[in-house]
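Good morning, everyone, and thank you for making the time. Before I start talking, please take a moment with the sequence and the structure on the screen.

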Amino acid sequence: MAGQLVFPFFQPRSSRSSTKGRVRALATLPRIAPAAVRVPELAHEPSLFVFPPGAPQIFVHEGARQTLERRLATAANQPVVLSITDNRHSMIRHARAGGVLRVRLHHMFLGSPPAVQEALVHYLVNGNRQASNLVGQYIDANLTRIKPRRRTAMQLLTRGKCHDLLDIFRSLNETYFDGAVDAVITWGRSSKRHGQSRKSIKLGGYNAVERLISIHPALDRPWVPRYFVSFVVFHEMLHHVVPAPRGGGRANLHPPAFREREATYRFYERALAWERSHISRMLRA
Ligand SMILES: [Zn+2]
């Protein structure tokens, strides 16, 4: 029996929910530094660090890889071949064939805390459900280490006709996040055709893999107060910092911790009231 694959393949969950007007813009900011470095064996020549230009690299700490491979082999009581990947979709794959356990892991696991590695081993060897949940949570918390889908230069449009998103973002980042949010932001593009009105409008979106916040251009109007645009941006920034718990299937994107933090916004009540009284105008905008 060869190449039997064992489910689940862990998939990163992107909370992709861009505005209706699709955003062309994509991430340029560097990812969080990869956990590890591929160290050439000393027997080889010292000039092994040749990076082809342009292409992103994954760095694999060979010692860390071997340690994990040995740990897996001991727990599984059989030979293990561990490969480290920079995959976008499949974070963990494993298959048993010919008395060998073959495992392919995203590089985020090499630098993971001991508890996560323990859970990983437990999941891979015994298929433990609890361990699988813990591993899933770790993946969700490390989405920024997954390479973005496209690498083309980003076209971010932050300065609108009425509101400057970068200015709003920076001021929120200072006030509420100690400057720790390293997402990027842009105005989305409107999909509305002339003369039509919308049935619903998604005022903002956050894409975790691209770390991209997009804001609906209908908010770039003189009659939309800055504190409201700011509130929408704040909400999307919270998606960047508050992980969505994975509770048996669908993720809850707005868990209680999220709502609590959202309510700390200085003009929270005012923003909600403004939204209620202007929703129909925004649908027509
Ligand atoms: Zn949301």
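This is a predicted model: local features need pLDDT of at least 70, side-chain atom pairs count only at pLDDT 80 or more; totals for chains, interfaces and linings use all residues.

The protein has 285 residues, and 32% of them are buried. Its secondary structure comes to seven helices and seven strands, and, if you read along from the N terminus, the elements follow one another as β-α-β-β-β-α-α-α-β-β-β-α-α-α. As for how the chain folds back on itself, 71% of the contacts between residues at least 6 apart in sequence join residues that are at least 24 apart.

Let me turn to the sheet. Three strands make up an open sheet, in the order β5-β7-β6, and the pairing in this sheet is mixed. Which strands stand at the edges? They are β5 and β6, and because each of them has a single partner strand, one side of each is left without a neighbour in the sheet.

If we take the two pairings in turn, β5 and β7 run in the parallel sense and are joined over four bridges, with W187 finding its bridge partner in I215 of β7.

As a general remark, nonpolar side chains in soluble globular proteins tend to be buried together. In this model the largest nonpolar core holds 30 residues, and those that touch the most other members are I185, I213, I215, V232 and V233. The elements that contribute two or more residues to this core are α4 (165-177), β5 (184-187), β7 (212-215) and α5 (226-241), and of these α5 gives the most, with eight residues. Another core, of 25 residues, lies apart from this one, and among its members are I92, F109, V116 and L124. To return to V232 for a moment, if we set aside its neighbours within four places in sequence, V232 is in contact with L203, G204, I215 and L219.

Now to a pair of helices. Two packed helices are described by the angle between their axes and the distance between the axes. Helix α2, residues 114-126, and helix α3, residues 129-141, pack at an angle of about 130°, with their axes 8 Å apart. That angle makes α2 oblique to α3, and the crossing of α2 and α3 is left-handed. Where they meet, α2 brings V116, A119, L120, H122 and Y123, and α3 brings A131, S132, L134, V135 and Y138.

Also in helix α3 is N133, which counts as partly exposed because 16 other C-beta atoms lie within 10 Å. From C-alpha to C-alpha, N133 and Y123 are 9.2 Å apart in space, and they are ten residues apart in sequence.

I would like to finish with two backbone details. Most residues other than glycine have a negative phi. D178, although not a glycine, has a positive phi of about 55°, and R211, again not a glycine, has a positive phi of about 55° as well. D178 lies in the loop between α4 and β5, whereas R211 sits in the loop between β6 (204-207) and β7; those two strands form a hairpin with four residues between them, and R211 belongs to the turn.

Are these two residues buried or exposed? D178 counts as exposed, because it has 8 C-beta neighbours inside 10 Å, while R211 is buried, since 21 other C-beta atoms lie within 10 Å.

Notes
Residues are numbered from 1 along each chain as its sequence is written. A nonpolar core is a set of buried Ala, Val, Leu, Ile, Met, Phe, Trp, Tyr and Cys residues joined through C-beta atoms within 7 Å. A residue is buried if 20 or more other C-beta atoms lie within 10 Å of its own, exposed if 12 or fewer, and partly exposed in between; C-beta atoms are placed from the backbone. Two residues are in contact if their C-beta atoms, placed from the backbone, lie within 7 Å. Two strands pair if DSSP finds at least two bridges between them. Axes are lines fitted to C-alpha atoms, for helices over the stretch in contact, and angles run from 0 to 180 degrees between N-to-C directions. Angles under 35 degrees count as roughly parallel, over 145 as roughly antiparallel, 65 to 115 as roughly perpendicular and the rest as oblique. A crossing is left-handed if the near helix is turned anticlockwise from the far one by less than a right angle, and right-handed if clockwise.
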